[in-house]
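Subject: Structure handover and notes

Dear colleague,

Here is the structure we talked about handing over, with its sequence. Please look through it alongside the notes below.

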Amino acid sequence: MTAGSRALMVLLFCQALLGGAGHASLSAEPGRRQPGPRGAAGHALLRGFEATLLQMFGLRRRPQPGPAAVVPAYMLDLYRLQAGEDADGDEDRDRARGARLRYPERSASRANTVRSFHHEEHLENLSGPSAAPRLRFVFNLSSVPDNEVVSSAELRLYREQVREQSPAWERGFHRINVYEVMKPLSEERGQMITRLLDTRLVHHNETRWESFDVSPAVIRWTKDKQPNHGLAVEVVHLGQTPAHQGKHVRISRSLPQGDGDWAQLRPLLVTFSHDGKGHALVRRAKRSPKHQRPRKNKKNCRRHALYVDFSDVGWNDWIVAPPGYQAFYCHGDCPFPLADHLNSTNHAIVQTLVNSVNASIPKACCVPTELSAISMLYLDEYDKVVLKNYQEMVVEGCGCR
């Protein structure tokens, strides 16, 4: 068990003692008991563990999301898919968003963290060799910790169906090019220096998100610490007049479609990284409730319900999902002789045997023998949306050790 998991289990145990078994918040709940030295001490104790838990989550302080913070629909859908909460999909929502989301198996298999970034509204027109306009997007990636290694990254652009009466237009295509800006436009140079990262030939008559691989650029900026001059996007309508160029791809707030849904349809940079702790993201099957076998003696070692509700302490303002989770805990006797269902080690059997003839030797303890991970979607200290996999958060089995 890791140090972070031990801290969590101690925290939950303290909550069970101070706040009642079966339900736990992340601090002493106001209004439950009369104020006094013991209550104040308990509150301070739990606040200390709260700080430890934030540290385990990789946060230096409690996030305080601003009113302008936006959770991209893509990140929420990715969480649901990864956590097994949306295995069947929502066809109505899929139609509204243009296409069913596919879980990025390859990118997620090497990452335990997904981060999303909107550009800084530092939108700059760039001159280019073609008649098609180019727009530059600067993404501030300073919130990516130094201990995280980015393995891949994608730029997501939303495009809407072009509705034209011309049959020739309906048969038309356009090309979207994404470049890394190696050197930005300056007064001394007539044009920027770019490097092509990805390109896509797409049909006009479709509404959907397009994903472009920008891994080489993002890895250069994060791992190699190279200058980040942003990305440039170019939309070229093949065989059409310049008046049509770029009108249906949501890469600018000033497009004629309006600003009402800009927060959800603006370009999105998504990074997949690993901090070296625990296992990578794995898409889980839809979970069904676990039913435990009835025990003949309910006092013996077994798993007990312990629900951690993030809203009890206001953590739901920065934890997007889940609202809470069933952590469980292990408690009960390890009597002599140890039965098979107590999942005991040979050492625990020997220790219990010795205890039966020598009371100075303690009995074996009821502890977690199997733990599983949970995924959390949250806003960090910089209002960036993060999906992260945390190991050893849920007790799946108990035993005498």
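Predicted model: local features only at pLDDT ≥ 70, side-chain atom pairs only at ≥ 80, totals over all residues.

Residues are numbered from 1 along each chain as its sequence is written, and side-chain values use heavy atoms, with hydrogens and water left out.

The protein has nine helices and 18 strands, these being DSSP runs numbered from the N terminus (H or I, at least four residues, for helices; E, at least two, for strands). Of its 401 residues, 46% count as buried, where buried means under 20% relative accessible area, exposed means over 50%, and partly exposed lies in between, with a 1.4 Å probe and protein chains only. Among contacts (heavy atoms within 4.5 Å) between residues at least 6 apart in sequence, 73% join residues at least 24 apart. The protein exposes about 20,600 Å², of which carbon and sulfur atoms supply 52%; accessible areas come from the Shrake-Rupley method with a 1.4 Å probe, and for residues only the protein chains shown count as cover.

The structure holds 15 salt bridges, each defined as a side-chain nitrogen of Lys or Arg within 4 Å of a carboxyl oxygen of Asp or Glu. One of them joins D380 and R115, with the closest N and O atoms 3.7 Å apart. Because D380 lies in the loop between strand 17 (366-379) and strand 18 (385-400) and R115 lies in strand 2 (residues 113-117), this pair ties together parts that are 265 residues apart in sequence. Both of these residues, D380 and R115, are buried.

R159 and E210 also meet in a salt bridge, at 2.8 Å from N to O; R159 is in strand 5 (residues 149-159) and E210 in strand 8 (residues 208-213), so the pair ties together parts that are 51 residues apart in sequence. E210 forms a salt bridge with R208 as well, the closest N and O atoms being 3.6 Å apart. R208 is partly exposed, with a relative accessible area of 31%, whereas E210 is buried at 4%.

On the surface, V350, V354, V357 and I361 form a nonpolar patch with about 330 Å² of accessible area together. Patches are made of residues with over 30% relative accessible area and no salt bridge, like charges being joined within 9 Å and nonpolar side chains (Val, Leu, Ile, Met, Phe, Trp, Tyr) within 5 Å. V354 is found in helix 9 (residues 346-357) and is partly exposed, at 33% relative accessibility.
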